[in-house]
Amino acid sequence: MMMPGLWLRLMRGPERRAITSVKSLVSTGLVAREDETALSKVEANFSTRLTPEVLKQIKLATLDDPVYRQYVPHTDELNFRADERADPIGDKINSPVKGIIHRYPDRLLLTPTHTCAVYCRFCFRRENVGKAEASLNKAEMDTAMAYIDAHTEVSEVILSGGDPLILSDRRLAEILHRLAGIAHIQVIRLHTRVPLVEPSRITPALIKLMRIRPAVYMVLHVNHVAELSVPVKKAMARLARAGIPLLSQSVLLKGVNDSAETLEELFRALVANRVKPYYLHHLDKAQGTSHFRVSIARGQAIMRALRGRLSGIAQPTYVIDIPGGHGKVPIGPEYLSVNEIVDPKGRRHQI
Ligand SMILES: *Cc1c(COP(=O)(O)O)cnc(C)c1O
Ligand code: SF4
């Protein structure tokens with residue numbers, strides 16, 4: 001699928017700019033020219049973006065590469081299954097005003113932008129991300145802030161999207177400042193992939209913005225240890241040193257991280273870099289993602305294996321977002337069954 005000559009060209013002179021089209025994927029040698037027409041159909045449905053850092057993290061231009069597989073469009077994305085949805089987790093029904101998703105009493109999502117630094121091929125918001133009209137203009141932001149201000153039961157605002165760290169320092173500062181001015185907001189959480197895919201964005205100026213009164217937490221989206229390059233680890237260290245608590249979320253993805261060994265290596269590396277694994281997500285049923293799907297039974301078996309050999313602080317909770325907007329719930333594995341406990345090795349004990 002890959003021509004070695006072209007690949008070498010890429011290796012010698014890594015792109016300095018982001019790749020945003022199938023055409024440039026072909027010219028860098030990441031996609032074969034004969035696949036271009038088929039992939040342009042994928043491109044018409046879902047956005048493409050790979051940063052220079054991601055290009056460096058890709059070691060092999062094939063689907064066996066865990067980073068390549070996450071970002072390079074594939075014709076399997078044209079297979080829409082009957083049980084896949086445009087809005088798999090019911091964001092729409094929980095959105096009282098544009099840019100707010102309010103599903104739990106004490107916390108809500110604020111999505112100032114639907115642009116990301118990269119576009120993941122399995123994204124649960126893939127129908128919306130990359131579309132400029134989904135971003136909030138000034139009047140819409142005012143309405144969203146007024147909603148948060150009026151809902152005193154909300155103590156935590158999660159900035160999501162899109163990726164909130166693609167905003168300029170000026171826009172981000174304005175949002176953080178307005179949230180800091182709302183007395184009932186105790187915690188601001190940023191859900192982001194930027195430290196992994198554009199570590200140079202984690203500047204002293206950006207870090208300074210986050211050292212404010214509502215505690216600012218960061219949840220990093222990371223799926224494979226290959227994403228933890230030297231610049232990425234340095235960016236994480238800058239954040240940790242500034243006292244920003246770091247958590248991670250990962251998505252269980254076929255061909256990327258669907259083995260206990262791969263996840264063990266990832267979670268160990270995260271903890272060693274001061275990041276607490278928070279969630280392992282079961283893949284949501286977004287359209288054209290079936291080639292990434294792992295069964296729940298397999299996910300549970302992997303989690304059980306991890307429980308047997310990995311430190312408690314390195315264990316995330318395995319969760320699923322119930323289709324239709326019913327929320328996230330842990331999905332095991334179960335260890336207790338009436339009067340029997342199953343230990344991490346799968347052996348049963350009477351109690
Ligand atoms: C995931 C999510 C949250 C955060 O849930 P936690 O379990 O607190 O991480 C909040 N609101 C919405 C709408 C979500 O989808
Ligand atoms: S960075 Fe997050 S929101 Fe953006 S495409 Fe990836 S998974 Fe989706």
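## Ser250 and strand β6

In this predicted model, Ser250 belongs to strand β6, which spans residues 246-251. The relative accessible area of Ser250 is 0%, so the residue counts as buried. A polar atom of the Ser250 side chain lies 2.6 Å from the backbone oxygen of Val222.

## Glu227 in a loop

Glu227 is located in the loop that runs between β5 (215-221) and α10 (230-241). Its relative accessibility is 0%, and because buried residues are those under 20%, Glu227 is classed as buried.

The position of Glu227 can also be described relative to Ser168. In sequence, 59 residues separate Glu227 and Ser168, while in space the C-alpha to C-alpha distance is 24 Å.

## The site of ligand 1

Ligand 1 sits in the largest pocket of the model.

For Tyr279, an N or O atom of the side chain is 2.5 Å from an oxygen atom of ligand 1. For Tyr278, a polar side-chain atom lies 2.6 Å from an oxygen atom of ligand 1. Lys328 also takes part: an N or O atom in the Lys328 side chain is 3.2 Å from an oxygen atom of ligand 1.

Taken alone, ligand 1 exposes 380 Å², and the protein buries 93% of that area.

How many disulfides does a search of the whole structure find? The search returns zero. A disulfide is a covalent bond between the sulfur atoms of two cysteines.

Are Cys116 and Cys120 buried or exposed? Cys116 has a relative accessible area of 14%, and is therefore buried. Cys120 is likewise counted as buried, because its relative accessibility is 13%. Both values fall under the 20% cut-off for a buried residue.

Conventions:
Residues are numbered from 1 along each chain as its sequence is written. Chains are lettered from A and ligands numbered from 1 in the order in which they are written. This is a predicted model: local features need pLDDT of at least 70, side-chain atom pairs count only at pLDDT 80 or more; totals for chains, interfaces and linings use all residues. Side-chain values use heavy atoms; hydrogens and water are left out. A disulfide is a pair of cysteine sulfur atoms within 2.5 Å. Buried means under 20% relative accessible area, exposed over 50%, partly exposed in between (1.4 Å probe, protein chains only). A polar contact is a pair of N or O atoms within 3.5 Å; within protein, one must be able to donate a hydrogen and the other to accept it, and residues adjacent in sequence count only if both atoms are side-chain atoms. Accessible areas come from the Shrake-Rupley method with a 1.4 Å probe; for residues, only the protein chains shown count as cover. On a 1 Å grid over the protein atoms alone, a cavity is a set of points where a 1.4 Å probe fits but cannot get out, and a pocket is an open set with protein on both sides within 12 Å along at least five of seven lines; lining residues have an atom within 4 Å of a point. A molecule sits in a cavity or pocket if more than half of its atoms lie within 2 Å of its grid points. Helices (H or I, at least four residues) and strands (E, at least two) are DSSP runs, numbered from the N terminus.
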